[in-house]
Amino acid sequence: NLLPSIELVEAIAVAKVKAVEESIDIAHRLQNEVGSYALMAGTGFEQKDFLTCCKFAEGDSRILMQKMARDRLRALEKKP
């Protein structure tokens, strides 16, 4: 079988959403903690926009979550 199982696909999608959202939140909180240091060049915070790109790489995370919920509901409707 060349295709991964539905369970694996769903687990990867959930992990992607959770990891990106959590990373954005943590980076934002850290930026607030370090204050003006985060505005300086070479501190690494200039790379923070990469996380936003990850959020939208395969569509907005909210859209992905809606698709996962829809697929889960369809799977439940098919069960007898």
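Good morning. Helix α1, which covers residues 6-34, packs with helix α3, residues 61-78, at an angle of about 150 degrees, and their axes lie 10 Å apart. Angles over 145 degrees count as roughly antiparallel, and therefore α1 is roughly antiparallel to α3. Please keep in mind that the model is predicted.

For those who are new to the subject, two packed helices are described by the angle between their axes and by the distance between the axes. The crossing of α1 and α3 is left-handed. Which residues meet here? From α1 come E10, A13, V14, K16, V17 and E21, and from α3 come S61, L64, M65, M68 and R72. Sorted by class, this contact of α1 with α3 has six nonpolar residues, one polar residue and four charged residues.

I turn now to the second pair. Helix α2 spans residues 49-56, and α1 packs with α2 at an angle of about 155 degrees, with 10 Å between their axes. This angle makes α1 roughly antiparallel to α2. The crossing of α1 and α2 is left-handed. In this contact, α1 contributes K16, V20, E21, S23, I24 and A27, while α2 contributes L51, T52, C54 and K55. By class, the contact of α1 with α2 has five nonpolar, two polar and three charged residues.

Finally, let us consider empty space. Rolling a probe the size of a water molecule over the atoms shows where such space is left. In this model, the largest pocket holds about 430 Å³ of space. Its lining is formed by 16 residues, and those closest to the centre of the pocket are I6, E7, V9, E10 and D71. Which helices supply the lining? Both α1 and α3 do, each with at least two residues. By class, the lining of the largest pocket has eight nonpolar residues, eight charged residues and no polar ones.

Thank you for your attention.

Terms used: Residues numbered from 1 in each chain as written. Predicted model: local features only at pLDDT ≥ 70, side-chain atom pairs only at ≥ 80, totals over all residues. Heavy atoms only, no water. Axes fitted to C-alpha atoms, helices over the stretch in contact; angles between N-to-C directions. Helix = DSSP H or I, 4+ residues; strand = E, 2+ residues; numbered from the N terminus. Parallel < 35°, antiparallel > 145°, perpendicular 65-115°, else oblique. Left-handed = near helix turned anticlockwise from the far one by under 90°. Contact = heavy atoms within 4.5 Å. Nonpolar A, V, L, I, M, F, W, Y, C, P; charged D, E, K, R; others polar. 1 Å grid on protein atoms, 1.4 Å probe; cavity = no way out; pocket = protein on both sides within 12 Å on 5 of 7 lines; lining within 4 Å. Points joined across faces, edges and corners; volume = space filled by probe spheres on them.
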